[in-house]
Amino acid sequence: MFGSVLKRRWPFWRALAGIVVLLALPGCGPADVNFADCVGQVAGGARQMEACTQVIEEAAGRADRRSTAYLRRGVGWSAKGDNDSALADFDKAISIDPKRADAYTNRGLIWFAKGDSNHAMADYDQAMNLDPRYAGAYYNRALVWSQKGDRDRAMTDYTKAIEVDPKYMPAYINRGVILVDKGEYDRAIVDYDQAITLDPKLAISYSNRGLAWARKGDNDRAIADYDKAAGPDPKFGTVYYNRGKAWFAKSDYDRAIADFSQAITLDPTKAVLYGNRGLAWYRKNDNARAIADYDKAIGLDPKNIDTYNNRGLVWADRSDYDRAIADFDQTISLNPKYAKAYRNRAMAWSGKGDYDRVIADLDQAIGLDPKDAGAYRDRGLAWIDKGGDINHAIADFSTAILLDPQNAYGYSGRGILNFYSGALAKAQADLEQAAMLKPDDAYLAIMLSLADRRNAAVDHLREATGKLDMTKWPAPVVRMLLGEKTSAETLAAADDPDPATKTGRVCEANFYTAELSRIQGHDDEALRLYRLAVSDCPKNFDEYRAARLALRALSP
């Protein structure tokens, strides 16, 4: 096809720094065995819990020790997952010593874990009132602001935590998360650099910095950081997922699939992993594996609109339009305002030749997103399909160009329509612009070559091959037009084990052979092949539309 108008969405999933919990702990007191073990043993261990309890139960025990013991036992309960008991012990610690900022901070953490952000906020505020230079309190309050969706206040608190303690590494990480969300990638990278300086072995810092590089479009640096993150933590599934996305962006689908597969091995319950691996299989033209992955993703998350949409695209590419429409219907039922689903369903209706429904869906898509240049381009094609409504088609192609002057396919649609309407100079100008915008699109290079020849201009096809992938289809068509292959050899090269792929390629071989025959003055052969293209081409192929226009132009 001249250029796909179906939008393959890549569902965006990311995981940045999780909540880095800082439990504030007091320093070790006198060398009493129970007190030393209460403070010094691993929180939640049997001996630590026993020692803290013994300190608490000592009738003559000092108040400061008992407060510390409640605090430490509360930390132990938290480590064991018993937040209610932890909360009770932190209450006791505060009642004994109401000026303990660390007790308020730890109680705030428990409230936060229990989903009570208001009580958590109150405790962090009190901790800061008691100790304005307590970095952990600012940091933990920032977590609450983030949960509430107030990024600016969270940023302020992370910054304050860093000001009072420039070595407070978690604050750099989470401030970097907000900066990435705000699109301030350079500042985020500076924060991650600092976090890495403070702890060169922490995988999350490399992973998050890699994501910032990826957002800047520097996938090589992103991959380098993901490699570093995977080194110290080979079970960090997010790293493999994000690295897979970077490989995908570089069109290295084999490496992308390998990373997505590793992420799936580490966590086989995440639907998005299968969905994105399915997209990589699709780009490798392995539709069977793409469908299998989309099926798995839908089984895990039956409400993900992107997966239905993407599976619908695969069905459409296989010319299974009924299944494609069913998937787009499901996408729309889940989100009736998802404009791309209407646009994609329109293309499936086009494959079935139901042009009234095509235009209705594209009207809906444009109504939802009136700045989508591609939808106007698609509707321009639909006007041609519906009966050659040239005025409406030209108007829609021109609107597409006005909305997005860098979109090659608005120019190509208008250029092809002008080509078959006899306005060869206009056609050549539009197709030159399209080919300049997308120099790696072989179909645009082919159509420009046909316009050049029909307009008795210099043919740029041989020059264009330097930027085309001449190892895959439609390279045989290019070679035929350059005189390096016969039409029979080109038709033979169209063979493919996938029936839908073969049908599309045979359609294209016949159509472009018709164009070559017409240039060579063999109009009868051209007419035969145009009719064959109209008979056999998928109805949503540009070659089908062009063949119909050509037959109309050649009709007496």
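The largest cavity in this predicted model holds about 70 Å³ of space. A cavity is found on a 1 Å grid over the protein atoms alone, as a set of points where a 1.4 Å probe fits but cannot get out. Grid points are joined across faces, edges and corners, and a volume is the space filled by probe spheres set on the points. The structure has two cavities of 30 Å³ or more. Around the largest cavity stand 13 lining residues, and nearest its centre are L381, I384, I416, D542 and R545. A lining residue has an atom within 4 Å of a point. Two or more lining residues come from each of helix 21 (373-387), helix 23 (408-421) and helix 31. Helices here are DSSP runs of H or I with at least four residues, numbered from the N terminus. By class, the lining of the largest cavity has eight nonpolar, two polar and three charged residues. Ala, Val, Leu, Ile, Met, Phe, Trp, Tyr, Cys and Pro count as nonpolar, Asp, Glu, Lys and Arg as charged, and the others, Gly among them, as polar.

A pocket, in contrast to a cavity, is an open set of points with protein on both sides within 12 Å along at least five of seven lines. The second largest pocket contains about 310 Å³ of space. It is lined by 15 residues, with A435, P439, H460, E463 and A464 closest to its centre. Helix 24 (424-437), helix 25 (442-454) and helix 26 (461-464) each give two or more residues to this lining, and helix 25 gives the most, with four. The lining of the second largest pocket divides into seven nonpolar, two polar and six charged residues.

Next come the nonpolar cores. A nonpolar core is a set of buried Ala, Val, Leu, Ile, Met, Phe, Trp, Tyr and Cys residues joined through side-chain atoms within 4.5 Å. Buried means under 20% relative accessible area, exposed over 50%, and partly exposed in between, with a 1.4 Å probe and protein chains only. The largest core has 161 residues, and Y420 and Y512 have the most contacts inside it. Another core lies apart from it and has seven residues, among them I401, A434, L437 and L444. In soluble globular proteins, nonpolar side chains tend to be buried together.

I394, in helix 22 (residues 390-403), counts as partly exposed because its relative accessibility is 24%. Leaving out residues up to four places away in sequence, I394 touches R414, L417 and N418, where contact means heavy atoms within 4.5 Å.

The structure also has two disulfides, each a pair of cysteine sulfur atoms within 2.5 Å. One joins C38 and C52, with the sulfur atoms 2.0 Å apart. C38 belongs to helix 1 (residues 33-40) and C52 to helix 2 (residues 46-57), 14 residues apart. Both cysteines, C38 and C52, are buried. The other disulfide links C507 to C537, S to S 2.0 Å. C507 is in helix 29 (residues 499-519) and C537 in the loop between helix 30 (523-536) and helix 31 (542-554), so the pair ties together parts 30 residues apart in sequence. C507 and C537 are buried.

Residues are numbered from 1 along each chain as its sequence is written, and side-chain values use heavy atoms, with hydrogens and water left out. In this predicted model, local features need pLDDT of at least 70 and side-chain atom pairs count only at pLDDT 80 or more, while totals for chains, interfaces and linings use all residues.
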